[in-house]
Amino acid sequence: MKEKEDQPSLHRHQHQKRIVNVTKKLFANNAAYVILLLLSYALGYLSSPTSHTPPPPPTTPIVVSSKPSSSITLTRLTDNVPVPTNQLDNFRVTSRCGDSLPSQLVRQTIVDRLFNATSPYTNFPPPHVSQLLRTKRVKGWGSYGGVFKRLIDKVRPRVVIEVGTFLGASALHMANLTRQLGLDTQILCIDDFRGWPGFRDKFKDIQMINGDVLLYYQFMQNVIYFNATEAVLPVPYSSGSALMKLCEWGVVGDLIEIDAGHDFNSAWADINRAWQILRPGGVIFGHDYFTAADNRGVRRAVNLFAKINGLQLQTDGQHWVIDSAVN
Ligand SMILES: C[S@@+](CC[C@H](N)C(=O)[O-])C[C@H]1O[C@@H](n2cnc3c(N)ncnc32)[C@H](O)[C@@H]1O
Ligand SMILES: *[C@@H]1O[C@H](CO)[C@@H](O)[C@H](O)[C@H]1NC(C)=O
Ligand SMILES: *[C@@H]1O[C@H](CO)[C@@H](O)[C@H](O)[C@H]1NC(C)=O
Ligand SMILES: *[C@@H]1O[C@H](CO)[C@@H](O)[C@H](O)[C@H]1NC(C)=O
């Protein structure tokens with residue numbers, strides 16, 4: 001992602017909640033919509049909520065005609081391999097998530113599966129980075145927006161999944177909010193902790209060792225500084241692979257925040273994957289609906305996702321919000 005820039009003309013929308021009529025406003029031009037739809041399928045993929053029924057099993061083997069007079073059976077598909085009923089089905093996320101884990105098992109599950117049963121905060125910092133970290137170094141974008149408090153008050157989440165954490169500004173803000181409510185909330189922070197290529201041009205104080213930026217360690221240092229190690233746990237992998245594994249392990253979020261890659265394809269993939277692991281009745285939301293970051297790729301992805309799934313989209317400040325309870 002590139003550095004975010006705000007769009008001043010839209011700031012008056014801050015703290016104003018309004019329903020966006022996606023259908024009428026954005027897709028008045030049918031041809032443009034069809035092209036956008038096809039392009040999105042070609043570039044990304046369409047996920048469906050886990051409750052959706054899978055495509056029907058094949059009734060006939062796939063037959064490809066090489067000549068008008070003869071046909072060759074390339075593959076005889078078994079019953080458990082879904083046959084696309086149309087080209088768009090090729091792009092659906094077909095993975096099925098594991099049975100939902102109770103929220104009190106989430107932390108231990110992550111620590112066991114990712115960190116070999118040892119908290120990543122144990123024996124922190126390692127000697128080779130201890131001299132290179134700042135006592136605290138937090139910087140975020142829109143990380144203290146009122147949307148965080150409004151959604152946490154409303155959802156009272158036991159599990160929050162953040163996709164895109166950087167130095168932990170928004171995650172630590174959420175930890176503060178859940179602590180104030182007396183909730184025993186687990187906040188999982190999915191981030192590869194590499195920022196983006198060249199991000200150190202603006203963050204020269206984040207050190208680098210042999211080309212490895214120390215974002216992960218500085219994030220952990222921040223969590224420790226703010227006494228939030230019980231609430232906040234890193235999931236230090238790319239968003240796609242991490243969300244797929246959480247789905248497989250049955251980890252679900254009551255509240256999911258999307259704030260990683262801001263180009264259309266990244267946002268599209270993250271939203272579709274994250275929607276699969278949203279607990280029914282939970283809320284998914286994300287930053288940069290009303291900023292110009294990456295030419296509003298986030299907004300295009302969110303609008304398309306809401307449109308295809310028939311979901312009501314709300315906005316809150318710079319954020320988009322989809323509340324599965326009203327959908
Ligand atoms: C805008 S920052 C997150 C800011 C944070 N939510 C806050 O408000 O303080 C975006 C983060 O997403 C991460 N990111 C971008 N693409 C990613 C991907 N595909 N997988 C994992 N993390 C990614 C970057 O490393 C970066 O830390
Ligand atoms: C996991 O931790 C145990 C000790 O708790 C150790 O014996 C084992 O080698 C570790 N496994 C890996 C893959 O690091
Ligand atoms: C959390 O709240 C404390 C005060 O209760 C404040 O000092 C701290 O800056 C807050 N941290 C973040 C990251 O918002
Ligand atoms: C963290 O906890 C220690 C010990 O209780 C306390 O002295 C310190 O002020 C706390 N730090 C923050 C940022 O809340």
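Modeller: The questions below concern a predicted model.

Biologist: Why are helices α8 and α9 called roughly parallel to each other?

Modeller: The axes of α8, residues 239–249, and α9, residues 264–276, cross at roughly 10°. Angles under 35 degrees count as roughly parallel, and α8 and α9 are therefore described in that way. Their axes come within 9 Å, and the crossing is left-handed.

Biologist: Which residues make the contact between α8 and α9?

Modeller: On α8 they are Ser 239, Gly 240, Leu 243, Met 244 and Cys 247. On α9 they are Ala 269, Asp 270, Arg 273, Ala 274 and Gln 276. By class, this contact has five nonpolar, three polar and two charged residues.

Biologist: What makes Glu 248 partly exposed?

Modeller: Glu 248 has 14 other C-beta atoms within 10 Å. A residue is buried at 20 or more and exposed at 12 or fewer, so Glu 248, with 14, is partly exposed. Glu 248 belongs to helix α8.

Biologist: Which residues does Glu 248 touch, not counting those up to four places away in sequence?

Modeller: Glu 248 touches Cys 97 and Gly 98.

Biologist: How many residues surround ligand 1, and which are the closest?

Modeller: Ligand 1 is surrounded by 20 residues, and Gly 140, Gly 164, Phe 166, Ala 169 and Ser 170 are the closest. The shell divides into six nonpolar, 10 polar and four charged residues.

Conventions: Residues numbered from 1 in each chain as written. Chains lettered and ligands numbered in written order. Predicted model: local features only at pLDDT ≥ 70, side-chain atom pairs only at ≥ 80, totals over all residues. Axes fitted to C-alpha atoms, helices over the stretch in contact; angles between N-to-C directions. Helix = DSSP H or I, 4+ residues; strand = E, 2+ residues; numbered from the N terminus. Parallel < 35°, antiparallel > 145°, perpendicular 65-115°, else oblique. Left-handed = near helix turned anticlockwise from the far one by under 90°. Contact = placed C-beta atoms within 7 Å. Nonpolar A, V, L, I, M, F, W, Y, C, P; charged D, E, K, R; others polar. Near = placed C-beta within 6 Å.
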